[in-house]
Each structure stands twice: as C-alpha cells, then as structure tokens.
Amino acid sequence: MYVCYGAAQFTTYRTTTQALAQLDPYRLPPPAESFVAGAFAGGCATAATYPLDLLRTRFAAQGTERVYRSLLGSVRDIARKEGHRGFFRGCSAAVGQIVPYMGLFFATYESLRPSLSGLHDLPFGSGDAVAGVVSSVLAKTGVFPLDLVRKRLQVQGPTRSLYVHRNIPEYRGVFHTIAMIVRTQGVRGLYRGLTVSLFKAAPASAVTMWTYEESLKLLQKMDADADK
C-alpha cells in the first residue's frame, strides 16, 4: 500500500506543482500552490490505493480468531458479501481527511524547508527531515478526527462483530459517526489515539521527505550530467 501510495502521491504532487508554475501571470502564492498540489496529490493517491488501506485496517483489527485467512481470501470474501462498494467503505472520510492534511502538510513543509535547509550543523542535510516532522505534527493534529472516523468506518459491515473489539458500534456515514462519538465520548473522543498516531507519523514523514529530497537531488544531478 505504501509503495503504491507514495508513487502516486509524489508523481501527482510533482506534476501538479510544475503545472501550477506555468500559470504566469496568474500564479498563486507559493504556500497556496503547495497546498493545492499537496491536497490534490493526497486525494488522488488515497482514492487509488483505498482498498489496500481498508484491508490493512481489517487485518490489524483481527484477534486470535481470524476473520480473513489470507489477502486473496479477504478480497474474495468482501466482494461476495459486501460487493465492490465494500472495498471503499469509509473512502469519503479518508479523502475528506487526506485533502486538508496533505494540503497543510506540504504548505507547511515548503514554507519551513528553505530556512531549515540552511542549518548546516544538522547531520545528513536533515533539515528536510525536521521540516517533515513539524509539518506532520501540525497537519495530523488538525485533521485527526476525520482519520479516526475513517478507521471506524473501515471495520463496519457484516464482519463488524468478529474483530478483536466485539462491541464496535454500528456507524452509518461520516457525520453520523462524528455525532455518535461526541454524544457517547465527548469531543475528546475524536482525538483518541492521537499521541500514538503522532509517534508513528512524525518519524515516517521525516524519513519520507528526506528520502524524497535526496532522491530528487540525485535524479537532477544525473540529468545535468547527461546533458553535459
């Protein structure tokens, strides 16, 4: 999932950024360009790889009594019991979450990176990594409730009562899920698991953005050398 998602995201981001740069004299301010490109890239990548995201969540929610025995078996089971729409259960919440998340992430990242890249005392040019961490923490905190809703919806369907948490409530859509969580758990319920999520997202974003920038520099150097 991550390989396919990353490939789709960065290809779309780079292509959209280059397209927006051709809009002279009607170009958007740089932060707005980064927001639009990031939001579009995140939405496209999420929609394209969503069935894999749903399968990952369902496998993670299994206990000792396995609901799905294999990846291929889970695909057949969902297709038979839930239809093709079953693979996109909660997709609207996922896209609704990822569009502002990636927009905020890339807008913050592109704003911070120039100043942090000048900090030469950081090892391995890790100013990109620091910018990735800060951007990820800010963006993830801002849109975390929608991320929570996405995961709650992914484990709905006929297998809802078979996962390790037997008492998963029945949710029907994004707004119903939000209203039910607030009613039963309060506003704080929308941020349950945020700390763990940040511990995962921050280092992942640091490694991703550092690798992206270093790979981009290497490819540009190879192109320059080939033109000589």
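Student: What should I know about the model before reading it?

Tutor: The model is predicted, so local features need pLDDT of at least 70 and side-chain atom pairs count only at pLDDT 80 or more, while totals for chains, interfaces and linings use all residues. Residues are numbered from 1 along each chain as its sequence is written, and side-chain values use heavy atoms, with hydrogens and water left out.

Student: How many salt bridges does the whole structure hold?

Tutor: Side chains of opposite charge can pair when their charged atoms come close. The term requires a side-chain nitrogen of Lys or Arg within 4 Å of a carboxyl oxygen of Asp or Glu. A search of the whole structure gives 12. One of them joins Asp53 and Arg150, at 2.6 Å from N to O. This pair links distant parts of the chain, 97 residues apart: Asp53 is in helix 2 (residues 30-60) and Arg150 in helix 5 (residues 127-154). Helices are DSSP runs (H or I, at least four residues), numbered from the N terminus.

Student: Are Asp53 and Arg150 buried or exposed?

Tutor: Buried means under 20% relative accessible area, exposed over 50%, and partly exposed in between (1.4 Å probe, protein chains only). Both Asp53 and Arg150 are buried. In contrast, Leu104 is partly exposed at 37%.

Methods:
Helices (H or I, at least four residues) and strands (E, at least two) are DSSP runs, numbered from the N terminus.
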